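Reader: I would like to go through this structure one term at a time. Please give the rule first, then the values.

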Amino acid sequence: MKNFAFNRSKLIIPIIINAVIFTLLSILHFYWALGGKLWYNSVLPTSSNGMHKLNPSITAGLIVAFVLLFLGLTTLGNIGLFDRFIERKYFRYGTLIIALIFFLRAIGDFKFIGFFKTVKLTTFGINDTRIFSPLCLVLAIISLVIFLLSENVKKTT
């Protein structure tokens, strides 16, 4: 029992960090999808001549917002919030998939996004280097930590 409490306490902090980040990002994407303009032009990849590489529709913005919310809920599933409905192992492996997705996003497409992009001196490129790619790497690392720590945590029921 003591080992369970120790493992669970180590797991709570990274889960809360990821869940809060995913929730805040989800809220921001809902804001943009519903017409908000704050920071909007700074978060869209642009070519070196300033042309946007993405022009997301309202539907695309809402999909991203709901996916980010789903990622937050998946992360929270690792502490057993949904054990009554879904086995925790699915949340654990879902968290591993989250780690992989955000690690790949941090690496990028080698042109416009990620640490290895070639177009770096646009507003988005600078923001991506300073904020977005490091955030993706942090989310990937924390998700991997959650996956690894949750291996030994048993269901409480």
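Author: A residue is called buried under 20% relative accessible area, exposed over 50%, and partly exposed in between, with a 1.4 Å probe and protein chains only. By that rule both Lys117 and Asp128 are buried. The model is predicted, so local features need pLDDT of at least 70 and side-chain atom pairs pLDDT 80 or more, while totals for chains, interfaces and linings use all residues. Residues are numbered from 1 along each chain as its sequence is written, and side-chain values use heavy atoms, without hydrogens and water.

Reader: Why is Asp128 called buried?

Author: The relative accessible area of Asp128 is 0%. The limit is under 20%, so Asp128 counts as buried.

Reader: What makes Lys117 and Asp128 a salt bridge?

Author: A salt bridge needs a side-chain nitrogen of Lys or Arg within 4 Å of a carboxyl oxygen of Asp or Glu. The closest N and O atoms of Lys117 and Asp128 are 3.0 Å apart, so the pair meets the rule. Lys117 lies in the loop between helix 3 and helix 4, and Asp128 in helix 4, so the pair ties together parts that are 11 residues apart in sequence. A helix here is a DSSP run of H or I with at least four residues, numbered from the N terminus.

Reader: Which residues do salt bridges with shared partners join into one network?

Author: They join Arg105, Lys117 and Asp128. The side chains of Arg105 and Asp128 meet in a salt bridge at 2.6 Å, N to O. Arg105 lies in helix 3 and Asp128 in helix 4, so this pair ties together parts that are 23 residues apart in sequence.

Reader: How many salt bridges does the rule give?

Author: The count comes to 4. One of them joins the side chains of Asp83 and Arg88, at 2.4 Å from N to O.

Reader: Are Asp83 and Arg88 buried or exposed?

Author: Asp83 has 13% relative accessibility and therefore counts as buried. Arg88, at 10%, counts as buried too.

Reader: How do you know that the span of helix 2 agrees with its number of residues?

Author: The expected span is 1.5 Å times one less than the number of residues. Helix 2 has 19 residues and should span 27 Å; its end C-alpha atoms are 27 Å apart, so the two agree.

Reader: Which residues of helix 2 are buried?

Author: The buried residues of helix 2 are Gly61, Ala65, Leu68, Leu71, Gly72, Thr74 and Thr75.

Methods: Helix = DSSP H or I, 4+ residues; strand = E, 2+ residues; numbered from the N terminus.
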